[in-house]
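Good morning, and thank you for coming.

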Amino acid sequence: MPELNVQAETQERDRHSHHHGHDHHEKAVKRSWKDSNFYGVMQRFAKNKVSVVGLIIIILLVLTAIFAEQIAPYNYRRIDPAHANQLPSAAHWFGTDAQGRDIFSRIVFGARYSLSIGVIASLVGTLLGILFGALAGFFGGWVETVILRICDIIQSIPNILLCICVSQVFGSGFFATAMALSVYSIPGTTRLLRATMMSVREQEFVEAAKAIDCSPMRIMFKHILPNCMAPLIVSFSMAIGMKIMSSAGLSFLGLGIQEPIPEWGAMISAGRRYLRVAPHLVIFPGLFVALVVLSFNLVGDGLRDALDPKLRK
Amino acid sequence: MENANQKSGRLLSVQNLSVQYEANNEVVKAVNGVSFDLNYGEALGLVGETGAGKTTIAKAILRILPDPPAKLTGGKILLDGENLLDVPADKMPEIRGQRISMVFQDPMTALNPVKRVGWQIAEGIRLHEHCSKAEANERAKEILKLVGISEDRFREYPHQFSGGMKQRVVIAIALACNPDLLIADEPTSALDVTIQAQVLEMMGELQKAKNSALILITHDFGVVAKSCDKVGVVYAGEIIEFGTIRQVFEEPKHPYTKGLFEAIPSMSLDVDRLSPIRGLPPDPTNLPSGCKFAPRCKYRTERCRQAVDEHDFGDGHRCRCCMYSEEHGEGGK
Amino acid sequence: MAKLIELKHLKKYFPTSKGALHAVDDVTFDIEEGTTMGVVGESGCGKSTLGRTIIHLHESTDGQIFYRGKDITQVSKSEMSELRHKMQIIFQDPNSSLNPRMTVEDTIREPMKLSKRFSRAEIDDRVNELMHRVGIDRRMRQAYPHELDGGRRQRVGIARALAMDPEFIVCDEPVSALDVSIQAQILNLLQDLQRDHHLTYMFVTHDMSVVRHLSDNICVMYLGQVVEICEAKEIFRRPLHPYTQVLLSAIPSTDLNDQRERIITKGELSSPINPKPGCRFAARCAYACEKCMQPQQLAEVEPGHHVACCRIHELNQ
């Protein structure tokens, strides 16, 4: 091949960089799974101690939800009017509620509902948001206009009102509540994705993809979307906490998951009548809602930093 | 301006300045023992590649390095004999506006978009000279005329100005208080050549008229040749060669300076192939011992790995290279 | 030598809220096979848009582009695909021209994967060969763009452009973002590749010394129009259009004994939106007169030297 010159230059350079192994650009050389993007993100995440604490709390709560039967000392449905509204004691760690049910057991079982409603509602909301955002960003023109105007309409309705409307339509079961909660986060995600896509689209690598005859679909899914994921992941993790809060709000209004299911929001809602005589009915589930919201927000913060390319080495 | 003309002699003397950035258990040695002198009325060009430490030197002189992560680890910065590093932090703003000012690279972001251009120029004057608003406005209009913008644009907003005009405004703001030293960090890199020519011409004229000193930071040797008297070539945080324009451009001594001149396509000579400098600038977190350029140098010897000498060729032309020291005498000549 | 690219009255207008932006306005020239056409001008003169319009990253508004004598402004999808392989582009900013989520190897492989012209084994061989040819060490193949320096990133961009064996490459300011010492490495690489693969370049840049070094012919653009076009050395020896003269004189030279007179113009570029007919440089031109308000034609003033200026004969007596 008549490319001696290039070759010579390359070899020269290589010899040179071998010689001085400290050249920092050569660090990216041998690559195992440890050099993968995912590992890097995890490593940076691990550096953020506060976020790791958040993650540990979430893992503990998930384990609690899974092994609720083993952990809970009592049946969460067992009514015992003789021991109603008892304060925390050795027998009932968090006390008992108005029907004499063990609050600790109810919170342990409630983790199942509260956590899953948070995750499912955010997941559905984020996925639909990605779908609409991608459609808007991909087609542009009137499709984009229509989607954005629908978003405007949805966002002009107060969140809680929207949830009430949707749960009126779907009813008040677990799934219906998840649906109601997911709807109002769709416009936010849609706009977030569209905005990110707009800036990613302007980058030259998208034009480069077009120049090598990439189909529009492939440009979208291979080149644009993966570069838009960071803010979405963060908004997703932040949303989980918010969904649990809103779900508590709905239960409080008597629209979400209802008695006797021990959803934390529903527990707060039921306990409010005894606020003066037995505040622990509200305090303990409230504490757990706060804990989950806090943990997810911490994890969200940590993820945002870990995914920020500027913090990459 | 008459009294400005009387000023002469040494204005700035930077001695053995060292700066490092410390972050995530890593130490980036950005500036390593930089020394140079600058007289009133002189223009000094600092040239070097991205990350060589030119901007850090400038910011260290102004003491606007963010601390942390930046740490001044040694040296002196003497302005008219007064060490700026000993000046208490609350006195620095006075020095910054009135004695030294700085022009940054990007004129698009250097101006406040919601304030009138005239107001922005007058602001500095009001703050530093403690004069009345009307007086400050009068002075601002004068300066605007000096940088070649007509007075009637005084009440316009930055978005009504083109790139070159904005950079003129930025320079006007920097000159508002008649500083003795103007530091310009790549002032024309964001501008087109014909506009660059206009701005450089104007800056040079003003600097000579006011007899102030100028430090021009750039990566463009051509710009230095056109507008500076002295030049310092910066590599890996060191000034590896320093001298007058004529000394450095006509008889470059350091292998790096020579290499750069060979790597730039010429406007008058025909060469078939350029001779690039091989390799890459060193990692500032892990600088080689001895001569920082040795790993890329054609003339390196074992000695270069241990130490580097500064050789003085007389008339202020100096160069950090072992090639010219006694025991190495015949090495590269 | 055969003409590879012929442009005939090529126009590219962008609709804006204030009117049509004349990015490329009536450009006519040829590029011969195996040569380099340098396109120079200041930012906003339409030089990048011209390059992108030729290789169909933008749809042209009017006019024709002939590739080996065939009009490619109206082509079917399959023909377009074929053309994309023949015509490639190297971008200015090596930071944004590579997908940050793709490794070096994936980036170079992508065009070949899309074309279905090669088997998987062939693709692997070609990736290695391409990396070798542009001077990226094999150990780097799994690296992500942010782990590479600017020069190496630009080499990856060049390898990607070469992957489908193109004949014509638009180099859109490929070295403007690089430091001088790296710039020379990339320029040498581009020269070697041109010689070895008989490539035809259109080299878009604002750097006159780079364009002088690489080009066979140079075309000077001002606000979407070609004002002067001729053989490269000639334009530096004898610039004829007043704008070319201004442009050349504005370049700060490293030659201290350079006695060229500096011509400093007044004013800056006017708006390319709905421009008035007539010479677009007239507003800044020292020689502008009544006649300059008429549309200008590119005319052959000397053999092979075309200039669009109605006063050219008076001025260059």
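Predicted model: local features only at pLDDT ≥ 70, side-chain atom pairs only at ≥ 80, totals over all residues.

Residues are numbered from 1 along each chain as its sequence is written, and chains are lettered from A and ligands numbered from 1 in the order in which they are written. Helices (H or I, at least four residues) and strands (E, at least two) are DSSP runs, numbered from the N terminus.

How many residues of chain B are in contact with chain C? There are 37, and they touch 31 residues of chain C; contact here requires C-beta atoms, placed from the backbone, within 7 Å. On the chain B side, the elements that give two or more residues are helices H8 (193-210), H9 (221-227), H10 and H11. H8(B) gives the most, with 7 residues. By class, that side has 17 nonpolar, 12 polar and 8 charged residues. In this scheme Ala, Val, Leu, Ile, Met, Phe, Trp, Tyr, Cys and Pro are nonpolar, Asp, Glu, Lys and Arg are charged, and the others, Gly among them, are polar.

Let us look at H11(B), residues 255-263. Its buried residues are B:Pro255, B:Tyr256, B:Thr257, B:Gly259, B:Leu260 and B:Ala263. A residue is buried if 20 or more other C-beta atoms lie within 10 Å of its own, exposed if 12 or fewer, and partly exposed in between. The cover over these residues includes strands S9 (230-235) and S10 (238-244) and helix H10 (245-250) of chain B, together with H6 of chain C.

That H6(C) covers residues 180-197, and its 18 residues reach 26 Å from first C-alpha to last, close to the 26 Å expected at 1.5 Å a residue; the expected span is 1.5 Å times one less than the number of residues. Among its buried residues are C:Val180, C:Ile186 and C:Leu193. After the helix comes C:His198, with a positive phi near 50°.

Finally, chain A. A:Arg272 lies in the loop between helices H13 (264-271) and H14 (280-307). Is A:Arg272 buried or exposed? A:Arg272 is exposed, because 11 other C-beta atoms lie within 10 Å. A:Ile283 is 11 residues from A:Arg272 in sequence and 9.9 Å away in space, C-alpha to C-alpha.

Technical notes:
Contact = placed C-beta atoms within 7 Å.
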